[in-house]
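Subject: A structure for you to look at

Hello,

Here is the structure I promised to pass on. Please open it beside this message, and then read on for what turned up in it.

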Amino acid sequence: MASLISCPHCGTRAKEEFFIRGDATPVRPAPMAGDDMWNDYVHVRANPRGRIREYWQHVAGCRRWLVVERDNFTHEVFSVSDAAAGRGGER
Amino acid sequence: MRYSALSIFKQAFAGNLGWTPAWREPAPKSHYDVIIVGGGGHGLATAYYLAREFGIRNIAVVEKGYLGSGNVGRNTTIVRSNYMLPGNEPFYEFSLKLWEGLEQELNYNVMFSQRGIINLYHNDGQRDQYIRRGNAMMMEGVGAELLDRESLKKMLPFLNFEHARFPIMGGLLQKRAGTARHDAVAWGFARGADRLGVDLIQNCEVTGIRRENGAVTGVETTRGFIGCNKLALAAAGNTSRVGEMAGLKLPIESHVLQAFVTEGLKPCIDHVITYGAGHFYISQSDKGGLVFGAEIDGYSSYAQRGNLATAEHVMEEGVTMIPGLSRVRVLRAWGGVMDMSMDGSPIIDRTPIENLYLNCGWCYGGFKATPASGFCFAHLIAKGESHHVARALRLDRFERGFPIDEAGVGTQPNLH
Amino acid sequence: MTAYRLATGGLVDRSHAVRFSFDGAAFTGHAGDTLASALIANDRLLVARSFKYHRPRGIVTAGPSEPNALVTIGTGERRDPNTKATVAELYDGLEAVSQNRWPSLAYDIGAVNDLMSRFLSAGFYYKTFMWPAAFWEKVYEPLIRRAAGLGRTSLPRDPDSYEKSWAHCDLLVVGSGPAGLAAALTAARSGLRVLLAEQDFVLGGALLAETTKLDGEASYVFARRAIDELQNHANVTLLPRTTVFGWYDDNVFGAVERVQKHGVTIDPGKPVERLWRIVAKHAILATGAEERPLVFGGNDRPGILTASAVSTYANRFGVVAGKSVAVFTNGASGYRTAQDLVAHGIEVAALIDSRADAAESAPAGVRLVRGGSVVDTKGRQRVRAVVTDRGGFEELIACDAVAMSGGWSPVIHLACQRGGKPVWSEALQAFLALEVGAGLVTAGAAAGHYRLSECFEDGARKASAIVESLGRPVAGFERPSIGEEIDPSFTALWHVPGAKSKAFVDFQNDVHTKDLGLAVREGFGHVEHAKRYTTGGMATDQGKLGNINAIGILATMRGVSPADVGTTTFRPFYTPVSFGALAGTSVGEHNMPTRRSPLHGWAARNGAVFIDAGLWYRSSWFPKVGEKNWRESVDREVRNVRENAGLCDVSTLGKIEVFGPDAAEFLNRLYCNPVLKLPVGKARYGLMLREDGMVYDDGTVSRLAEEHFLVTTTTALAGGVLSHIEFAAQVLWPELRVRFLSVSDQWAQMSIAGPKARAILQAVVEDDLSPAAFPFLAAREVRLKGNLKARLFRISFSGELAYELAVPAGYGEAVADALMRAGQPHGLCAYGVEALNVLRIEKGHVTHAELDGRVTPDDAGLGRMMGSAKPDFIGKRLSTRFGLTAADRAQLVGLRALEADKDMRAGAHLLKDGAKPSTLNDQGWVSSACFSPTLGSHIALGFLKSGRERYGEKILVWDQLRGVEAMAEVCDPVFVDPENRKLMA
């Protein structure tokens, strides 16, 4: 994971082509959702050791935001998918 | 056993056979007033100050590995108090003052070396930021000096003044900052705590936190259940995992930071120097190795190892700042797991759970904080209220809207 | 003369003499020598001083694990300190000097430490040097630092260059000994893309020093033939002089190739070292095994080498370390070395075997001492005798060299760099890398298969399995017939009891058995504690020789198995790698890209002084003849803009086009202020927040058509904002139909500001620019005279009547020149970012000096922009948090200096007049400051607690760092034209 990432659009590329944002698990709450939900979304992270989902953007390639599902201890990658896949925003 | 030149002299003539263990290896008792989870720098300092300053002696420190096996033993050993924001600066200055008396206090030479830190700047905007920071330091009574290019050239002729993408314009100097022998800090606090009766229990991993009516009553460990009145977490690198045992979700993401050391060299760099057109920082250990690092690798990780691309980037910055590093060989790279918090600043606070106290979120700046972190955490545990220099380091500062964001980058942990 | 070159034998080219020097003395060696073998040939066994006790030290090994023979090679700017003589390829003109000694290698004052050693036990420095406290930095530490360290550097600029390359292969083979060659041949014949990396300058590994015949010929002949075959496979790349130093995620390996480290003359067209990043589907680690030294009293004297090193020097290089060699062994390998020596006609003083029940027999004529051990050695700067003990009976045996063999450890370093733990093998008395993760296997001696036949077979077997896993048919590899081979079995001997003097475990760092004993006694018995307390394993060899013995000794002392002690962590780099190689070409001026605006040439022609602004060069000011300093130029430019007009290059701003039916809705959620109802042909100032409610960036939003917007960003955040927008569109609201295009580089953009801007601009623009036709905030496509399409925005940063004109980048300079010509009668001047900064401070406009990531819109006086009625926008919800709306937050204010001669500078803090400086009393800070030519005084923008309530208050601008204090009056941040008359003109 930390050397190469297989972009679903561009193929296997070096890690330095990507920008990493962080945890892809939190979902942006509805505008009127409670303060707790908003605080959790912006500030609180489960941060487990093991399987996680993380946002990576292929800035030096297709510029798509990707969800990298991987193990944050072994760095094994399980899948890399377009973040918009299945949500109406595919290209 | 007290350490002194005399004790060394006496022992030398006894074949060095009379030295006694630096700490006991006690079996865990069934109950303690306070259990501290984490036998790193902060946990050991907390135990020491609880016993020394706040009169609580019935304490255990439980450590899953060996004492000092976390980030206290894998950092770049920098000690400084050159912060800008009022939530941070008094705390780190308090820490620096504790460092200044630490060796005599602990009767242990942690080789705290006040050789000075110089933060280089490369443009007007950065200079103005450093002036703001330097003035914030002086408001707190912390010395700071602004160095121009000419005086830097005299002090550090090996810097790249002519052939850098971003030429060096000057620097901010804190003379009292420096380095310390990192392992010795853990050992010094461990020995000091042990001498005050604290039980240091190694190879004892916490596997669960027991609660009754919501309140914490003790910990399940690989060496059995241990009861306590108060439980204090100082497990940076594993904070979220231990917190999760009590049902806590925290404003923390784990990231890996690499550090490096070169082969030993005769003295050639006499200060701590940081690069303003990147994140590179460097100093020379007393053994002669150049110790350095830069930014975190950038992804969530619990693996104590880094990636090559980041290492290469660190070297690029290093050679750009000091061209003469080019032929110096790098001996070893290592990685530590950082508690990256949402604003880049730490947390020393109570938790919503009764009897559970939290010390975490040190990002990559925990080493310098070790004495103050221990002192203030002990203060909180003993007195139930924050020490005045640590008042801003609250867990609820995020939801209440009082972040302490030195970098000004918001709630993205990997940018701090 | 006791160490010497044999009359015959070895693989060096005796017809080719190579001249070199060591510590100023001239010597000769041969092509094919290492510096170490050439030094031995010249009877120079004393080559270094140890780290702590400054003991005389000689060459111990013949490879990369060498702890002692570190020298500085090269001269001037090309000095390479701490270079291992045992791997340094000899070349004509090589100049080497010894290290860590004064005044000379033979007479080193530092050796007094050895006499004082009883006071300098492990960790002694933690127990003293504490009094008086101030002495640490002044007295003790400088002494320690001077005594410590090894090589010397003055950090000169490196004249050489480095480069990087990716390589891809099906199979990476690390090591070219029997296992590596068998693996490479198997894979190559099966059609795999093979990369074979070897740290040595000659391929062949152990076969180069092996005396056993292969297929009836010398083993190196077999190796050469194998290498010839590999070279002829188009699918094979051979990389000699290449050390694989790290194993990283995704089976990527880091390696460094020494391209030009073996000659005085450097071809400047080539790098001296090349970093390889090798993407390997599979890798076989065939790195062999390391022979252990034995830990006995006085085991560190020059002339004491590992037995395999003695054999290698004799067999491969034709040199021997002595005329009479004592061999001390705990297994079969010592017998092989004795045999090698006898074969070369060298006397073996005695063969001492620690095993009483050893089955092997000594070569004819060699005295064998079974069940004996060496407990001490004699000699100062080289060994001259060993003291043996056999059943309590001591004997002095004269010798001038010692070959020691303590058994074997597979070299598994790389395999354990990614978290896989080494596993203790009781049978082999060694740690193995068994299950370390996919993609890498060990083979041959590195996997604990020591016999030559096993090495070949294991290499071929492991490669075959890889070939099969890739779905290809395996082409055969048949190992050669092997003459006499030995099974290098041994009985572990971690240290020799009864040592009469220091028995060293870590040679370089001078860690001896008593140090480990002290560590255990004091509670530092954990392998990591012992390492950190004694420094064992922390030297430049990273414990390659010593760690295993230290583990065995700790196990013995603690009464447990080495398996329970475990190893310390294996980490990169296998052997040290230069900064230069790792950094490559992205250094110095090329550390980051340089960006030039499309108007750079125009600015240069007009005499601009450039400054760095992020990656860009921006024109800072445009000095005129006679102006004595930058202030005069800037003041003139500011006055001219306010009185006439000026032209400023603003091309570096980020420019992003936004298209789509939902573009308006998208931007309405992106900015905190309303955008939805922005009319076509209009621009609006926009403020973007982060989700935490703080200001992220500002810029303008222009609606060019119903479904087409153009947004601008600040120069600094052009890239960041684009990513932010893409995140919002792809992740937060993928259902919105909106697309983006960054056009930052497509347009040259210039600001024309000042009362005469309209008249000047009208001279080049076809469209009607009258206030009615092109009012404030108009934004649309216009046609320039000459029929060029351009975009014109009536927006103002300076507060003047101002426009920003964007033309396709390639036309930028021509249009700017045309404007300058058209403006000449009106007094138009070029102005730079310094004047721009003064103009905007005078007008109270903010930049990132104010919007520093900790500021809310309200802090910046822009609270009224917040579209609170909008259902959602980024940053809306968290902007209402208590702390973000507190009454005592620092708010943007203006500061007007009360004393004409005192300036204010950004970074100063604010104090109530008469208040004691303290963090508690700190009232705020100055974010931007300048001299205002318009007002004729120093002014500033700053943030002051509850500032908007404090206009009129006199406050102290406190800049202790620069030693300046000035009184200022707090005022509205808009210093000029608060009614916007000039703006709307």
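A word on terms before we begin: helices and strands here are DSSP runs, a helix being H or I over at least four residues and a strand being E over at least two, numbered from the N terminus. Counted in this way, chain B has 11 helices and 18 strands. Please also keep in mind that this is a predicted model.

**Chain B**

Let me stay with chain B for a moment. Taken along the principal axes, its C-alpha atoms fill a box of roughly 65 × 60 × 40 Å. Of the 416 residues in chain B, 72% are buried. When you look at contacts between residues at least 6 apart in sequence, 74% of those in chain B join residues at least 24 apart. Chain B exposes about 11900 Å², and carbon and sulfur atoms supply 50% of that area. As for charge, chain B carries 42 positive and 41 negative charges, whose mean positions are 5 Å apart.

**Chain C**

Chain C has 21 helices and 53 strands. Its radius of gyration is 38 Å, whereas a compact globule of 985 residues would have one near 30 Å. The C-alpha trace of chain C spans about 115 × 75 × 55 Å along its principal axes. Buried residues account for 63% of the 985 in chain C. Among the contacts of chain C with a separation of 6 or more, 67% come from residues 24 or more positions apart.

The size of an interface is often given as the accessible area lost when the parts come together. For chain C and chain B, the buried area is about 10400 Å², and carbon and sulfur atoms give 55% of it. In all, 122 residues from chain C and 120 residues from chain B take part in the contact.

**Backbone details in chain C**

Most residues other than glycine have a negative phi, and most peptide bonds are trans.

- The peptide bond from Trp102(C) to Pro103(C) is cis, with omega near 5°. Pro103(C) sits in the loop between β8 (94-97) and α2 (112-115).
- The bond from Trp131(C) to Pro132(C) is also a cis peptide bond, with omega near -20°. You will find Pro132(C) in the loop between α2 and α3 (135-147).
- Asp23(C) is not a glycine, yet its phi is positive, at about 50°. This residue belongs to the loop between β2 (13-22) and β3 (25-31), and it counts as partly exposed because its relative accessibility is 27%.
- Asp977(C), not a glycine either, has a positive phi of about 45°. Its place is the loop between β53 (964-971) and α21 (981-984). With a relative accessibility of 12%, Asp977(C) counts as buried.

**Chain A**

Chain A has one helix and six strands, which follow the pattern β-β-β-α-β-β-β along the sequence. Its C-alpha trace spans about 40 × 30 × 20 Å along the principal axes. Of its 91 residues, 52% count as buried. The accessible surface of chain A is about 4000 Å², and 50% of it belongs to carbon and sulfur atoms.

Is Asp71(A) buried or exposed? It is buried, because its relative accessible area of 15% is under the 20% cut-off. Beyond its neighbours within four places in sequence, Asp71(A) is in contact with Gly50(A), Arg51(A), Glu76(A) and Phe78(A). The C-alpha atoms of Asp71(A) and Arg53(A) are 8.6 Å apart, while the two residues are 18 apart along the chain.

Methods
Residues are numbered from 1 along each chain as its sequence is written. Chains are lettered from A and ligands numbered from 1 in the order in which they are written. This is a predicted model: local features need pLDDT of at least 70, side-chain atom pairs count only at pLDDT 80 or more; totals for chains, interfaces and linings use all residues. Side-chain values use heavy atoms; hydrogens and water are left out. The radius of gyration is taken over C-alpha atoms; the globule rule is 2.2 Å times the number of residues to the power 0.38. Buried means under 20% relative accessible area, exposed over 50%, partly exposed in between (1.4 Å probe, protein chains only). Contact means heavy atoms within 4.5 Å. Buried area is the accessible area (1.4 Å probe) that two parts lose on being put together, summed over both. Accessible areas come from the Shrake-Rupley method with a 1.4 Å probe; for residues, only the protein chains shown count as cover. Lys and Arg count as positive and Asp and Glu as negative; His and the chain ends are not counted. The place of a charge is taken as NZ of Lys, CZ of Arg, CG of Asp or CD of Glu.
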